[in-house]
Amino acid sequence: MDSPKHILVIRLSAMGDVAMSAPIIKSLVEQNPLVKITVLTRGFFKPFFEDIPNVRVVIPDLKGGHKGFFGLVKLYKELSKQSFDAVADLHNVLRSKVLVGLFRLSGVRCVQLDKGRSEKKQLTTLKVKKLHQLPSMHERYAKVFRKLGFKIELGTGFKEKAEITNEFREVFKDKKLVGFAPFAAFKGKSFSVEKTKELLKELSVVEQTTVLLFGGGGKEKAILEEIAADYENVISMVGKISFVKELEIISNLDTMIAMDSGNGHLAAMYGVPVITVWGVTHPCLGFVPYNQPKENQILPDLERFPLVPTSVYGNKSPENYLDCIASIDSKNLVKRVRLILT
């Protein structure tokens with residue numbers, strides 16, 4: 001069967017998952033230059049795909065005209081006018097299943113992501129278990145395209161580094177740029193304020209560096225600005241620039257320190273070395289940022305916390321595991337930063 005020429009790719013959320021799809025899609029079109037891709041995703045994520053040849057983004061109105069079942073039927077009718085040869089469902093949730101079902105009824109080839117739910121459930125059971133590495137989400141995404149008949153090898157597909165504007169070039173003054181995003185959606189995979197201060201104390205003395213803090217929301221903005229005020233070479237970027245400008249700066253980092261959260265995946269899109277700090281989640285579940293080595297995965301004390309991982313996304317954990325991330329040695333983490341910067 002011939003490979004399709006025009007594919008609808010569905011990945012609506014969340015930020016980290018959408019960011020993980022970008023280098024896979026870029027690898028696909030680089031290695032299969034005749035293919036045309038339409039990505040169905042939220043408007044906020046459009047910058048992830050804008051520089052990829054043969055890729056366009058369609059933004060659904062999920063809170064308005066495309067809300068609910070009948071809204072999805074309307075969305076399908078609008079999309080079907082574009083004559084897709086295939087649908088790659090990289091989300092596999094209720095919304096995407098409805099769209100896939102409608103496309104299948106019209107005879108369009110559809111392949112859906114295998115999320116490995118049962119495998120992940122076994123590895124997150126609250127008992128001591130033997131950990132083993134599951135396929136990465138990047139491999140799972142690539143497998144969808146391979147099932148559609150494409151050859152795709154990973155390790156490529158990075159976005160281009162953006163040029164830093166004069167405004168920021170003057171601020172950074174040719175220093176090494178270290179990104180640090182200490183927070184995540186759930187407590188079990190976030191640094192506490194105290195742990196954040198502890199690591200920044202160690203980072204701030206690394207020679208010829210500027211540390212840039214990333215996060216979101218008013219509470220995080222206030223916390224990070226207060227902490228940054230104690231250091232000459234630490235700058236909080238939260239709430240100061242647009243998301244597009246933030247991506248431009250992230251593309252120029254020399255390394256990013258992030259929790260198991262979206263910021264690490266944003267940096268990995270650009271080939272930036274990402275040091276991921278894990279709490280109640282674990283690299284074995286397949287969410288390591290793109291093309292990052294094992295040495296960049298920093299784990300809590302697993303002898304003290306043998307039930308890790310306790311959940312896939314960090315939202316479930318015994319109470320006494322919520323701060324297991326605090327067992328990570330900040331000095332050892334900074335040693336890894338220094339090694340990357342040399």
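Modeller: A residue counts as buried when its relative accessible area is under 20% and as exposed when that area is over 50%. The structure discussed here is a predicted model.

Colleague: Why is Phe191 called buried?

Modeller: Phe191 has a relative accessible area of 3%. The cut-off for buried is under 20%, so Phe191 is buried.

Colleague: What makes Phe180 count as buried?

Modeller: Phe180 is at 0% relative accessibility. Buried requires a value under 20%, and Phe180 therefore counts as buried.

Colleague: Why is the pair of Phe180 and Phe191 called edge-to-face?

Modeller: A pair of aromatic rings is described by the distance of the centres and the angle of the planes. Two rings pair if their centres lie within 6.5 Å, and planes over 60 degrees apart count as edge-to-face. For Phe180 and Phe191 the centres are 6.2 Å apart and the planes stand at 75°, so the pair is edge-to-face. Phe180 lies in strand β6 and Phe191 in the loop between β6 and α7, 11 residues apart.

Colleague: The structure holds 13 aromatic pairs. Why is the pair of Phe45 and Phe48 called stacked?

Modeller: The ring centres of Phe45 and Phe48 are 5.6 Å apart and their planes are at 25°. Planes under 30 degrees apart count as stacked, so this pair is stacked. Phe45 is buried, with a relative accessible area of 7%, and Phe48 is buried at 0%. Ring pairs also link Phe44, Phe45, Phe48, Phe49 and Phe243 into a cluster.

Colleague: How do you know that β7 is largely enclosed by the rest of the structure?

Modeller: Five of the five residues of β7 are buried, so the strand is largely enclosed. Thr209, Val211 and Leu213 point one way, Thr210 and Leu212 point the other way, and all are buried.

Colleague: What joins β6 to β7?

Modeller: Five bridges join these two strands, which run parallel. Strands pair if there are at least two bridges between them, so β6 and β7 are paired. In one of the bridges, Gly179 has Leu212 of β7 as its partner.

Colleague: What puts the buried residues of α11 on the same side of the helix?

Modeller: The buried residues of α11 are Ser330, Leu333, Val334, Arg336, Val337 and Leu341. They cover an arc of only 150° around the axis, which puts them on the same side of α11. On the other side, Lys331, Lys335 and Leu339 are exposed. The buried residues pack against β6, α7, β7, β9 and β10.

Terms used. Residues are numbered from 1 along each chain as its sequence is written. This is a predicted model: local features need pLDDT of at least 70, side-chain atom pairs count only at pLDDT 80 or more; totals for chains, interfaces and linings use all residues. Side-chain values use heavy atoms; hydrogens and water are left out. Buried means under 20% relative accessible area, exposed over 50%, partly exposed in between (1.4 Å probe, protein chains only). Helices (H or I, at least four residues) and strands (E, at least two) are DSSP runs, numbered from the N terminus. The arc is that of the directions from the helix axis to the C-beta atoms. Contact means heavy atoms within 4.5 Å. Rings of Phe, Tyr and Trp (its six-membered ring) pair if their centres lie within 6.5 Å; planes under 30 degrees apart count as stacked, over 60 as edge-to-face and the rest as tilted.
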